[in-house]
Amino acid sequence: MTIKETGSAVRRLTKTMLLLAAALLVGGILALAPQGEAKAADATEIEVNTDISGSLSTSNQNDYYTFTSPSDGYFYVTVSAVSNYAYLYIYDSTNAQRYYGHYSGGSNNTITSYTMPTSEGNSYTIRICNSNWSTNYTMKVNFTATDDWENDNDGSAENAIDLALDTTIHGNMWSSSDQDWYKVTLDERGTISISLKHDTVGQTGTWNFSILDEDGNSLYSKTQTSGFTSSELGYRKGTVLYLKVTSYGGSALNETYSLTCSFTKTKKYEMEGNDSQSKANSITVDKKYTAILNGSSDVDWYKFKMDEDGYMKLKFGPVDISNTGTWYVYLYDKNGNSVRLYNASTTKTIKKNYLKKGTYYLKVYNYSSAGWVPYTFKVTETAKTFSSTPVIKSVSTKYSYSYTKKYFKLTSITLSKKISLADGYAVTIANDKSLSEVVTSANYSADSKTITIGNEYQPKSSDDSTVTFYIQVRPYKTDAFGNKVYGKKSNIYKKTVAVK
């Protein structure tokens, strides 16, 4: 079920519950002030922002009024100059009770409803009644036309209010089942930050707040009493988000809130939805990025390209140095091979990761307490390739003899100079110049221009007085995944050894 289908179902269920609740409430509360001869069907139509004078001269009298909202905005009702007990009820067009209040004596002889959002064309019924005492009153519907308040029809995703970025909208909850939905569309890539606050100092109600995608998946949630401002959350161009506000356990009923969705255009913040390798954000080397894990189970993937063979350097750490979270960062190649680069909570620079030209991935995830903690990172590329071709200068051998065989050792190979970058050399030794009849081929580490071999070789025949063989070397560099990246091959060196 999509978010729209779910919204429709919830809306139908909510209306049914409201009708039932209204019937129960009206039935229960009427016991306090039973209806008299006047009926709701006889309600007097009134205009907003107009003083209406009335009197309740008999016991259990009911005066009914009805009004229609002239535009989107908000209203509240006042009943003033009350001398005795009086009750105020407000119902919407579905007969759901939206407000109940009363005056029972004291110096403040006014009943004031809470502020309610409304939409153009919505109608409401007001009921003023007494119980055993007569009283005069002055009633007024105080209406304000505005587009910075929620309307009265935003109780589902399909009826969500289009919320402009960087603007503030006000609203409130009139029942524990009330929901306010807003729709945000990003016309550009960037980040959003949500602010939800009380409009009135001293209010202590708690709201539930959620961000959902078009399929109804929760992307962010918060339950807060004092209001909050969320961390920055990055999204792609064209992303559609739904913001949902409800009252936590009914604690925030009738308390007005302010909701703002701030936007910052940027290409240097992650775009959410990058929770798999196939959906990795493409990043540019030598650029700094900021991101956040949306909870302890979120994973962020990034893709970057090495234009040349060389070293990849990663600088990674928290945005705030007081952070206590710890992250894992792994490096992947296109074949799924991986190596861990980072496991810490402070800023570190990881160097000496040699990579071949190609596409690679970074995977960032929570190790401990790193959910909702902003982090920053930068990938730097330093091209480094084998700049010269090795030249074999000499080959050293040592002849040996025993009662059972005669042999010699190839002890070392000396190059004209050390090849920069090389971790070692692949050495091929053959009996022919074309290197097709290979005697041995192996890798040898070397940190100078001399390659130590030490292998034993025997002549083909015991009658041979000399042995000739051919040698070629090729430098290699071990990359971050343990693979060897090779340089150019050397000359083929001919070596003749006299056999005594």
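Me: Is C261 buried or exposed?

Reply: Happy to start there: this is a predicted model, in which local features need pLDDT of at least 70, side-chain atom pairs count only at pLDDT 80 or more, and totals for chains, interfaces and linings use all residues. Buried means under 20% relative accessible area, exposed means over 50%, and partly exposed lies in between (1.4 Å probe, protein chains only). C261 has a relative accessible area of 0%, so the label is buried.

Me: How many disulfides does the count come to?

Reply: A disulfide is a pair of cysteine sulfur atoms within 2.5 Å. By this rule, the number of disulfides is 0.

Me: In the hairpin of β5 and β6, which residue takes a positive phi?

Reply: Strands are DSSP runs (E, at least two residues; helices are H or I, at least four), numbered from the N terminus, and two strands pair if DSSP finds at least two bridges between them. Strand β5 (residues 86–91) pairs with β6 in the antiparallel sense over 6 bridges, and Y87 stands opposite H102 in β6. The hairpin has 5 residues between the strands, and the residue with a positive phi near 70° is N95.

Me: How many residues of strand β6 are buried?

Reply: Strand β6 spans residues 97–103 and is mostly covered. Of its 7 residues, the number buried is 5.

Me: What is the angle between the planes of Y89 and Y100?

Reply: Rings of Phe, Tyr and Trp (its six-membered ring) pair if their centres lie within 6.5 Å; planes under 30 degrees apart count as stacked, over 60 as edge-to-face and the rest as tilted. The structure holds 29 aromatic pairs. One of them is Y89 with Y100, which is tilted at 5.1 Å centre to centre, with the planes at 35°.

Me: Which residue counts as partly exposed at 28% relative accessibility?

Reply: Y89 has a relative accessible area of 0%, so this residue is buried. The one at 28%, and therefore partly exposed, is Y100.

Me: Which ring has R98 over its face?

Reply: A charge sits over a ring if NZ of Lys or CZ of Arg is within 6 Å of the ring centre and within 35 degrees of the ring normal. The charged end of K363 sits over the ring of Y365, 5.0 Å from its centre. R98 lies 4.1 Å from the ring centre of W174.

Notes
Residues are numbered from 1 along each chain as its sequence is written. Side-chain values use heavy atoms; hydrogens and water are left out.
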